[in-house]
Amino acid sequence: MQYLYLHRVTQPEKQAVQYIYQFDDHNLSPSNLVIRKLFYCMLDTLQAELTGVEIEYNDAAMVKLVGMEQAVAFLTVMGAREAEQHEYWQEGVLLSRTFTTELTPVRLEYFYSLKDLDIAYRLRFVRNGEERIQIYFAEMLRCLLPEAKEEAFLAHLTKQRVPHKVLGENR
């Protein structure tokens, strides 16, 4: 059985613990069901405290990955048209756009329906501006849990049958 290796880092100043999954540690893609279940467990554990989501994406890359229809649907549900967007250019080339939007129940539910977590370059879920969950360029997936929610998160991983091993535990 292949386990997902989760790096555990304590943050005593925040009374929190961070779990980091690095895609380079495994040969699984962001569309793999086990990876999506890990993401869903993070969302389930923290959804009551999440207030917003920051999305960084590239139009062409998104269309190439999921097709025009799904890309438009994703950006529409996320409110990209209404949100203030920041563009990142390099040498006359648009690299990406970023916007932040409220994490409504409809938007949260949409994330549970995603079949590929790298639909955007970066998804950053926040609580009043403080990062709680981040998927970064299909390189890593991480969450910052209050210490009080750590056991619930680990129990949820077990309940959802996400094979995992915790590394770097420093309790």
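Is Glu-49 buried or exposed? In this predicted model, local features need pLDDT of at least 70 and side-chain atom pairs count only at pLDDT 80 or more, whereas totals for chains, interfaces and linings use all residues. Residues are numbered from 1 along each chain as its sequence is written, and side-chain values use heavy atoms, with hydrogens and water left out.

Glu-49 is buried, with a relative accessible area of 14% (buried means under 20% relative accessible area, exposed over 50%, partly exposed in between; 1.4 Å probe, protein chains only). Glu-49 is placed in the loop between helix 1 (33-46) and strand 3 (52-57); helices (H or I, at least four residues) and strands (E, at least two) are DSSP runs, numbered from the N terminus. Residues up to four places away in sequence aside, Glu-49 touches Val-126, Arg-127, Arg-132, Pro-146 and Lys-149 (contact means heavy atoms within 4.5 Å).

Helix 3 (residues 68-78) and helix 4 (residues 105-112) have axes that come within 9 Å and cross at roughly 150°; axes are lines fitted to C-alpha atoms, for helices over the stretch in contact, and angles run from 0 to 180 degrees between N-to-C directions. In this contact, Gln-70, Ala-73, Phe-74, Val-77 and Met-78 of helix 3 meet Val-106, Arg-107, Tyr-110 and Phe-111 of helix 4.

The structure holds 11 aromatic pairs (rings of Phe, Tyr and Trp, its six-membered ring, with centres within 6.5 Å; planes under 30 degrees apart count as stacked, over 60 as edge-to-face and the rest as tilted). Tyr-40 and Tyr-112 form a tilted pair, 5.5 Å centre to centre with 35° between the planes.
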